[in-house]
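Here's a quick briefing to read with the model open beside you.

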Amino acid sequence: MESFIVFEYEKAKFWTKEGVLFCEFNNRDIHHRLTSGQVERYIEIIKELTNGQIMPFLIDIRNSFGNFTIKAAELFANSPYLKSIRLSEAYVINSINSKLSISSYKRLFEPKTPFQFFDNLDSALEYCLQSKDNYYGTRF
């Protein structure tokens with residue numbers, strides 16, 4: 001189910017297009033720490049947008065700084081709902097700090113979901129569409 005509704009919560013935007021969940025984070029505060037309360041709200045938004053459909057996540061963090069609490073990381077990694085729909089993850093990044101932070105998160109909390117890093121949206125979207133093709137057998 002496609003959604004052209006963009007949900008915004010604090011400094012994040014979520015929408016689906018072409019069977020891909022887009023997540024864009026825009027936080028310029030290097031001292032910001034993502035909390036479990038924020039993650040809970042993100043999961044509720046994702047539930048509404050995805051309606052149980054398995055899909056790749058395209059996560060754009062080029063305009064985001066800060067970090068996340070351990071509780072927030074565990075919630076993202078262990079949410080039964082996210083586990084049931086998360087096919088793959090494409091991270092659009094523009095700094096080594098982002099790459100190191102996400103790599104650590106993936107290694108420690110959520111190593112099962114395939115993921116890759118990209119420096120642009122087009123390549124990240126192509127990875128997501130290929131993941132979907134591999135899962136469903138053909139682009140739809």
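**The pocket**

The largest pocket is lined by 31 residues, and those nearest its centre are F25, L34, I61, F68 and I102. Here a pocket is an open set of points, on a 1 Å grid over the protein atoms alone, where a 1.4 Å probe fits, with protein on both sides within 12 Å along at least five of seven lines; lining residues have an atom within 4 Å of a point. Keep in mind that this is a predicted model: local features need pLDDT of at least 70, side-chain atom pairs count only at pLDDT 80 or more, and totals for chains, interfaces and linings use all residues. Numbering runs from 1 along each chain as its sequence is written, and side-chain values use heavy atoms, with hydrogens and water left out.

- Two or more lining residues come from each of β3 (20-27), α1 (36-50), β5 (55-64), β6 (67-68), α2 (70-78), β7 (86-92) and α4 (96-108). Helices (H or I, at least four residues) and strands (E, at least two) are DSSP runs, numbered from the N terminus.
- Helix α4 has the largest share of that lining, with 5 residues.
- The volume of the largest pocket is about 690 Å³, taken as the space filled by probe spheres set on the grid points, which are joined across faces, edges and corners.
- Sorted by class, the lining has 17 nonpolar, 10 polar and 4 charged residues. Nonpolar covers Ala, Val, Leu, Ile, Met, Phe, Trp, Tyr, Cys and Pro; charged covers Asp, Glu, Lys and Arg; the others, Gly among them, are polar.

**The chain overall**

- The protein chain has 5 helices and 8 strands, and along the sequence they run β-β-β-β-α-β-β-α-α-β-α-β-α.
- Of the 140 residues in the protein chain, 44% are buried. Buried means under 20% relative accessible area, exposed over 50%, and partly exposed in between (1.4 Å probe, protein chains only).
- Take the contacts (heavy atoms within 4.5 Å) between residues at least 6 apart in sequence: 77% of them join residues at least 24 apart.

**The nonpolar cores**

- The largest nonpolar core holds 28 residues, and F14 and F25 have the most contacts inside it. A nonpolar core is a set of buried Ala, Val, Leu, Ile, Met, Phe, Trp, Tyr and Cys residues joined through side-chain atoms within 4.5 Å.
- At least two residues of this core come from each of β2 (12-17), β3, α1, β5, α2, α3 (80-85) and α4. The top contributor to this core is α1, which gives 6 residues.
- Another core lies apart from it and has 11 residues, including L58, V92, L125 and C128.
- F25 turns up in both the pocket and the largest core. Leaving out residues up to four places away in sequence, F25 touches K11, A12, F14, Y42, I59, D60, I61, N63 and S64.

- T50 sits in helix α1 and counts as buried because its relative accessibility is 1%. The T50 side chain reaches the backbone oxygen of I46 at 2.7 Å. Not counting residues up to four places away in sequence, T50 touches T16, L21, M55, Y81 and I85.
- S98 is in helix α4 and is buried, at 10% relative accessible area. Its side chain makes a polar contact with the side chain of S95 (3.0 Å). A polar contact is a pair of N or O atoms within 3.5 Å; within protein, one must be able to donate a hydrogen and the other to accept it, and residues adjacent in sequence count only if both atoms are side-chain atoms.
- S98 also touches I61, S64 and I93, again not counting residues up to four places away in sequence.
- The T113 side chain makes a polar contact with the R86 side chain (3.4 Å).

**Positive phi in loops**

- E18, in the loop between β2 and β3, has a positive phi near 55 degrees and is not a glycine. E18 is partly exposed, at 37% relative accessible area.
- N51, in the loop between α1 and β5, is another non-glycine with a positive phi, about 50 degrees. N51 counts as exposed, since its relative accessibility is 55%.
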